[in-house]
Amino acid sequence: MEFAEVIGGRRSIRLFRPWRPVEREKLQTVLEAMRLAPRLLGLDLIRIVVVHRERLSAEELGALKTPTTTSQLDMAPVLIVPFADLGALEGALDGASLRALAAAGALPRSLGWSDDFIETTVVPEVYRALADDEDRVALGRRTEDAQTVSRRLMVAATTALGLAQTHGLLCAFDQGLGAQLSAINFAAAKELLGYPDDWLPSSPIFLGYPAESAAAGGQRPREPFERDFFLGRYGVPFPRDLEVTRQLADEGVLQAPAPLPWRRAELRGVASMLGLPT
Ligand SMILES: Cc1cc2nc3c(=O)[nH]c(=O)nc-3n(C[C@H](O)[C@H](O)[C@H](O)COP(=O)(O)O)c2cc1C
């Protein structure tokens, strides 16, 4: 699929064909895309647990539900659950992953990079500061004895998670699949998946073949461009060139806005096909 169509055609798909599994190679392709997401200073924080719905009991599926994630769990054949391993920073404090990046030619000497710079500047001033920053936030529930991590590491971790999720989502659509990020009950997930205490979980990618059409009712609403995007300084809207938006519409980045006139009928039809409330 063309990149423009992947960007423009991605929707949060909430209705899946429960009977159609995701091919092993497509699943791996999505995981490979997530692995290639940008990493803050070469830190490999991302961990993934893949869950196949058919291997969970009805009770386990029920326990994972939340107010905003309900029957998706009964439909999507695969959940890709992403984590940031906050303990990984300790292992990276020797600077080996940065030296590997430098050796791979990614960090040019012309920009100041060298093994010496990594050892004397980046590790102590950036990695160490990330680990030891006194501004700390609780990992998990805020209790007296809750484990804490530096706020900066938490920001880096949530950024890494978002980037991996984005790579995964876009790749899923490129593979002709449908996908959605959706919350799960993380207390139940901890029990079920048994991940370490210093892994920060985030919303899984629900993956499968859509039961709704590819348009899924049209492109979902966003705030006006000029309201949220600025040029040079907050308050100065970035001017949106209508010639550019016309071209983006031709390429499929900008698509017909939701709701398409037949969306309600589609939702009723799909719900009745899947035995869901209409
Ligand atoms: C971190 C994150 C968590 C989300 N969790 C849910 C969720 O629990 N339930 C849900 O229906 N959608 C969830 N979504 C999907 C958003 O509702 C969706 O992206 C938004 O409405 C825009 O629609 P679009 O993705 O189709 O463009 C989540 C999205 C993100 C980024």
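Student: What makes the side chains of Arg263 and Glu266 a salt bridge?

Tutor: A salt bridge is a side-chain nitrogen of Lys or Arg within 4 Å of a carboxyl oxygen of Asp or Glu. For Arg263 and Glu266 the N to O distance is 2.7 Å, so the pair meets that rule. A word on the source: this is a predicted model, where local features need pLDDT of at least 70, side-chain atom pairs count only at pLDDT 80 or more, and totals for chains, interfaces and linings use all residues. Residues are numbered from 1 along each chain as its sequence is written, and side-chain values use heavy atoms, with hydrogens and water left out.

Student: Why is Glu266 called buried?

Tutor: Buried means under 20% relative accessible area, exposed over 50%, partly exposed in between (1.4 Å probe, protein chains only). Glu266 has 12% relative accessibility, so Glu266 counts as buried.

Student: And why does Arg263 count as buried?

Tutor: Arg263 is at 11% relative accessibility, so the label is buried here too.

Student: Which salt bridge joins Arg263 to Glu212?

Tutor: One whose closest N and O atoms are 2.7 Å apart. Arg263 lies in helix 12 (residues 263-274) and Glu212 in the loop between strand 7 (205-208) and helix 10 (225-228), so the pair ties together parts 51 residues apart in sequence. Helices (H or I, at least four residues) and strands (E, at least two) are DSSP runs, numbered from the N terminus.

Student: Why is Glu243 called partly exposed?

Tutor: Its relative accessible area is 47%, so Glu243 falls in the partly exposed range.
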